[in-house]
Amino acid sequence: MEEHSFVPQGVCCKKISVIIDPDTGLIKDLNLTGGCPGGHEVLRKILIGKKLHEVKDLFKGLKCGNRATSCADQVSIFLNTIK
């Protein structure tokens with residue numbers, strides 16, 4: 001398993017981490033530290049068990065209120081940094 005971490009910008013969440021199976025590309029776990037627990041649980045339920053390449057852009061461009069980004073958008077930005 002490969003663990004990757006990311007420090008998001010412009011959101012309440014302070015850290016995003018993901019565990020990916022390098023053989024299958026499946027997301028095995030996703031954790032967001034800080035911010036809105038309910039929203040983070042929704043992201044976990046949607047993404048865990050999916051292939052990384054299938055969900056990289058799923059939340060791209062989503063905004064939170066009047067912010068230029070959201071935790072979900074930051075997850076997409078993060079996932080796009082992983083090869």
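In these legends, a contact (or touch) means heavy atoms within 4.5 Å.

**View 1. Overall fold of the predicted model.** This is a predicted model, in which local features need pLDDT of at least 70, side-chain atom pairs count only at pLDDT 80 or more, and totals for chains, interfaces and linings use all residues. Residues are numbered from 1 along each chain as its sequence is written, and side-chain values use heavy atoms, with hydrogens and water left out. The protein has 3 helices and 3 strands, where helices (H or I, at least four residues) and strands (E, at least two) are DSSP runs numbered from the N terminus. Their order from the N terminus is β-β-β-α-α-α. The radius of gyration is 12 Å, close to the 12 Å that the globule rule gives for 83 residues, so the protein is as compact as a globular protein of that length. This radius is taken over C-alpha atoms, and the globule rule is 2.2 Å times the number of residues to the power 0.38. The C-alpha trace spans about 40 × 20 × 20 Å along its principal axes.

**View 2. The largest nonpolar core.** A nonpolar core is a set of buried Ala, Val, Leu, Ile, Met, Phe, Trp, Tyr and Cys residues joined through side-chain atoms within 4.5 Å. Buried means under 20% relative accessible area, exposed means over 50%, and partly exposed lies in between (1.4 Å probe, protein chains only). The largest core has 20 residues, of which I16, I27, L32, L47 and L79 touch the most other members. At least two core residues come from each of β2 (15–20), β3 (27–33), α1 (37–47), α2 (52–55) and α3 (71–79). Helix α3 gives the largest share, 5 residues.

**View 3. Surroundings of L32.** Leaving aside residues up to four places away in sequence, L32 touches C13, K15, I16, H40, L43, C71 and V75. L32 is also one of the core residues that touch the most other members.

**View 4. Helix α3 and its cover.** In α3, 8 of the 9 residues are buried, and the helix is mostly covered. The buried residues are C71, A72, D73, Q74, V75, S76, F78 and L79. They pack against β1 (2–6), β2, β3, α1 and α2.

**View 5. L79 within α3.** L79 lies in helix α3 and is buried, with a relative accessible area of 1%. Beyond residues up to four places away in sequence, L79 touches I27, L47, L52, V55 and K56. D57 is 22 residues from L79 along the chain, and their C-alpha atoms are separated by 8.1 Å.

**View 6. V18 in strand β2.** V18 has its place in strand β2 and is buried, with a relative accessible area of 1%. Not counting residues up to four places away in sequence, V18 touches E2, E3, H4, I27, D29, L30, F78 and I82.

**View 7. T24 in a loop.** T24 is found in the loop between β2 and β3. T24 is partly exposed, with a relative accessible area of 35%. T24 and C13 are 11 residues apart in sequence, and their C-alpha atoms are 28 Å apart in space.
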